[in-house]
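Hi everyone, thanks for coming. Please have a look at the structure on the screen, and then I'll walk you through a few spots in it.

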Amino acid sequence: MTGEHYVVLGAARPRAAWFGEVGRWATSAALPVEFVKCVSTDEVRARLSAGRAYSALIIDEGCTGLDRDLLDDARRVGCAPVVVTTGSDRRDWLALGAAGVLSEPLDRDSLLGWLRDHVSPVDHPDLADTGAPPAAESGWSGRLVTVLGGGGTGTSTVATAVAQAIAADATLAGRVALVDACRYASLALLHDTGDVVPGLQELVELHRTRRPDGDQVRSCLWPFPDRGYDLLPGLRRHRDWTSLRPRAMEGTVASLSSTYAVVVADTDADLEGQAETGSLDIEDRNATARSFVAASDLVMVTASPDVVGVHRLVRTLADLLAFGVEPLRLLPVVNQAPRSPHRRAEVSRSVALLLGELVPGSGTVSPLMVAPRRDLTSVQHDGAPLPRAFVATVGTAVAAVLGRLDERVKGEVEPTRVEPGSLGTGAVT
């Protein structure tokens with residue numbers, strides 16, 4: 001191609017032979033490439049965010065910090081990420097987001113041919129093509145129920161009750177997972193597991209550079225045969241959220257859903273991202289909640305029945321609707337609800353009225369009223385399964401909402417193809 005010119009970022013492990021070869025080809029004009037060498041993946045990220053156009057990123061598989069988040073960062077700015085391997089690594093880089101994979105030793109003609117086939121010179125950014133999109137997490141996917149709410153509203157208790165209720169179905173034995181996805185994790189404490197490893201942090205880290213199979217995912221969860229589900233403990237320290245990279249978190253959610261028939265996640269109610277706050281740091285902090293909510297079949301929102309609790313419930317429902325959750329997939333849960341039918345009706349009316357004013361035209365499922373139980377504290381203190389009556393109340397409501405969603409999906413039947421002549425013939429007079 002006459003006049004072609006590519007600007008290529010490069011990063012490699014120390015003393016990688018291909019790195020020096022590409023540099024020499026670029027310097028001697030054997031390749032129509034401006035080769036920008038980086039000493040680390042941190043420098044790669046800094047250059048990608050600087051606003052300059054790059055045709056491709058060629059990076060060695062041995063680079064510290066190479067993961068699906070870095071590959072996604074490159075794609076977002078129109079830079080095709082290419083991973084150079086020795087052929088011994090078993091990771092599927094294409095599935096993790098790479099636009100291509102090249103094996104050592106690199107050949108000049110092969111590299112130039114790949115650039116010509118997959119990217120465009122920086123002089124024509126509108127023609128840039130970063131190759132095929134990253135392979136999606138494929139295969140079967142189970143149900144995902146996310147439970148969130150304000151502090152002290154019983155979110156963890158409700159999430160546990162949902163998991164225990166679903167796991168009571170004998171056909172789902174060993175196929176239900178309860179995930180603690182809160183920054184301030186508490187499910188390990190409520191299950192009396194202690195400070196155990198592995199947990200959420202280790203499972204997300206596993207997804208940074210690979211796509212683990214079902215057995216590897218299950219190895220990070222702790223079985224509770226008396227409750228019928230497996231538990232994924234949460235962060236051991238609040239500050240550890242900084243290690244949960246967004247793309248790796250999305251991969252974790254997909255892997256859990258493809259490994260278990262039902263996943264119940266206890267997470268935070270913070271969904272703000274860069275679009276709402278102008279801060280990428282806040283979006284990263286909320287990446288866990290955003291990933292689970294975005295993939296959920298059902299989102300439950302817990303609240304207390306007092307004035308502040310109803311106000312927070314309405315605000316959270318409005319945030320979820322703005323985030324893109326369908327009203328039919330929302331289930332408000334008023335915990336410690338009053339026993340009086342009149343007061344319960346008053347709470348339901350208040351929620352409907354306030355939400356209607358905040359989000360006109362919205363319609364949500366009526367709140368589930370959960371009566372207070374004095375025995376819950378002692379049961380949780382002993383680390384025992386929750387009382388069956390309490391579990392049944394929550395489980396029945398969840399099953400009803402999921403059932404309605406199933407009926408809606410069944411009703412969306414595609415038109416039946418009619419073969420020509422199959423409906424008979426008619427004469428035109």
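First, some housekeeping. This is a predicted model, where local features need pLDDT of at least 70 and side-chain atom pairs count only at pLDDT 80 or more, while totals for chains, interfaces and linings use all residues. Residues are numbered from 1 along each chain as its sequence is written, and side-chain values use heavy atoms, with hydrogens and water left out. When I say helix or strand, I mean DSSP runs numbered from the N terminus: H or I with at least four residues for helices, E with at least two for strands.

Okay, helix pairs. Find helix α14, residues 307-323, and helix α15, residues 341-358: they pack at an angle of about 45 degrees, and their axes are 10 Å apart. An axis here is a line fitted to C-alpha atoms, for helices over the stretch in contact, and angles run from 0 to 180 degrees between N-to-C directions. So what do we call that arrangement of α14 and α15? They are oblique to each other. The naming goes like this: under 35 degrees is roughly parallel, over 145 roughly antiparallel, 65 to 115 roughly perpendicular, and the rest oblique.

Which residues of α14 meet α15? On the α14 side we have Val310, Leu313, Val314, Arg315, Leu317, Ala318 and Leu321, and on the α15 side Val347, Ser350, Val351, Leu354, Leu355 and Leu358. Contact means heavy atoms within 4.5 Å. In the contact of α14 with α15, eleven residues are nonpolar, one is polar and one is charged. For the record, Ala, Val, Leu, Ile, Met, Phe, Trp, Tyr, Cys and Pro count as nonpolar, Asp, Glu, Lys and Arg as charged, and the others, Gly among them, as polar.

Now the second pair. Helix α2 (residues 41-48) and helix α3 (residues 68-76) pack at about 25 degrees, with axes 10 Å apart, and are therefore roughly parallel to each other. Thr41, Val44, Arg45 and Leu48 of α2 make the contact with Asp69, Leu70, Asp73 and Ala74 of α3.

On to the rings. Rings of Phe, Tyr and Trp (its six-membered ring) pair if their centres lie within 6.5 Å, and planes under 30 degrees apart are stacked, over 60 edge-to-face, and the rest tilted. By that rule, there are two aromatic pairs. Trp18 and Phe19 have ring centres 5.6 Å apart and planes at 85 degrees, so that pair is edge-to-face. Phe19 and Phe35 are edge-to-face too, because their planes sit at 65 degrees, with centres 5.4 Å apart. Together, ring pairs link Trp18, Phe19 and Phe35 into a cluster.

Phe19 is buried at 16%, and Phe35 is buried at 14%.

Last stop. Six of the eight residues of helix α13 (residues 287-294) are buried, so that helix is largely enclosed by the rest of the structure. One of those buried residues is Phe292, and Leu144 touches it. Leu144 belongs to strand β6 (residues 143-149) and is buried, at 1% relative accessibility.

Note on methods. Buried means under 20% relative accessible area, exposed over 50%, partly exposed in between (1.4 Å probe, protein chains only). Lists of a residue's contacts leave out its neighbours within four places in sequence.
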